[in-house]
Amino acid sequence: MDNDELISVLPIHYSNSLSPNVHIHQFPLLSRPLQTPPAAAVSGKRIRARIKPITRRLEIHVPVDPRPEVWNGERSKELGAARQEDDREKNQDVGKMKQMEGEEPRLIEVRMRSELIPQEGAYMLGVVRNGQLHMQPISETHQFRPTLTYLDIMSRKRRRSRGDAGSDEDSDDGPPPDPDEPPPVQTASKKEKKSLEVKEVQVSARRAADDKGNLQGGLSAVRREMLLAIRAEEDEVWQDLDFCDGETAEGHEVFEAVFSQNEEHLECKSDITAFLKGIKGL
């Protein structure tokens, strides 16, 4: 630390003019910017976005690269039909992507859905320009992942198309037998059992209490709340958003709004004791 030389001191410009609209959006590793693939842009496709304001859920729809060397057009028909059925089950309005009458559904976009991440402390966006550090508070952090729930629809269809088409069991046939183990003994089917006498039995049940007097069964209540939250999210209507990447005029305009032109000096009204007490874990 003694050899850690101080290079420069930067004045800080703090502004909350964009609050609460500054978010952190985290995506899977990308080999290129989050932009429409050139081959899809030629056909007029664009990235779309939508939000459910109450549940704070965001979705970004990125068109796929339709080139035959990187995309299987025939496979996209099967995936598109599964996604259409998945949207119908979850009451998801596809809006502008509704196909024309008689048109075969296709998977033409990758949907990335957000998960709201709780923030620990205060997050800030900082940009250095002309020897000054400009800071804006970040209100929300979202992690985006591709939604692949339509694959569950395809898996369910395959199970139904097997020999037991009338069964909706989710379990498979289990692992293959171990060749080193002896084969199971085949037991002959038992003869028809004698009919047993049926008796009527009356029972009553009550919720048991633990040592502290609390009623058990809290797991059911938690599960019920989770199901209600899922249903409320599915019933909420999507609202369309305009997606503007960093190369658009709108993107440059928003970026310039990060920099404050106000030269008013801020006065700190809290002391070091109050600052330290506000740090969790100290």
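Two strands pair if DSSP finds at least two bridges between them. Strands (E, at least two residues) and helices (H or I, at least four) are DSSP runs, numbered from the N terminus. Tyr-14 stands opposite Met-135 in S7.

This is a predicted model: local features need pLDDT of at least 70, side-chain atom pairs count only at pLDDT 80 or more, and totals for chains, interfaces and linings use all residues. Residues are numbered from 1 along each chain as its sequence is written, and side-chain values use heavy atoms, with hydrogens and water left out.

**The open sheet**
- Three strands form an open sheet with mixed pairing, in the order S1-S7-S6.
- S1 (12–14) and S6 (123–129) stand at the edges; each has a single partner strand, so one side of each lacks a neighbour in the sheet.
- S1 and S7 (residues 132–138) pair in the parallel sense, over three bridges.

**The nonpolar core**
- A nonpolar core is a set of buried Ala, Val, Leu, Ile, Met, Phe, Trp, Tyr and Cys residues joined through side-chain atoms within 4.5 Å.
- Buried means under 20% relative accessible area, exposed over 50%, partly exposed in between (1.4 Å probe, protein chains only).
- The largest core has nine residues, including Leu-34, Leu-58, Met-112 and Phe-144.
- Strands S3 (48–52) and S4 (57–63) each supply at least two of its residues.
- S4 gives the most to this core: three residues.
- Apart from this core lies another, of six residues, among them Leu-79 and Tyr-150.

**His-252**
- His-252 lies in helix H5 (residues 249–256).
- His-252 counts as partly exposed because its relative accessibility is 43%.
- Beyond neighbours within four places in sequence, His-252 contacts (heavy atoms within 4.5 Å) Gly-246 and Glu-247.
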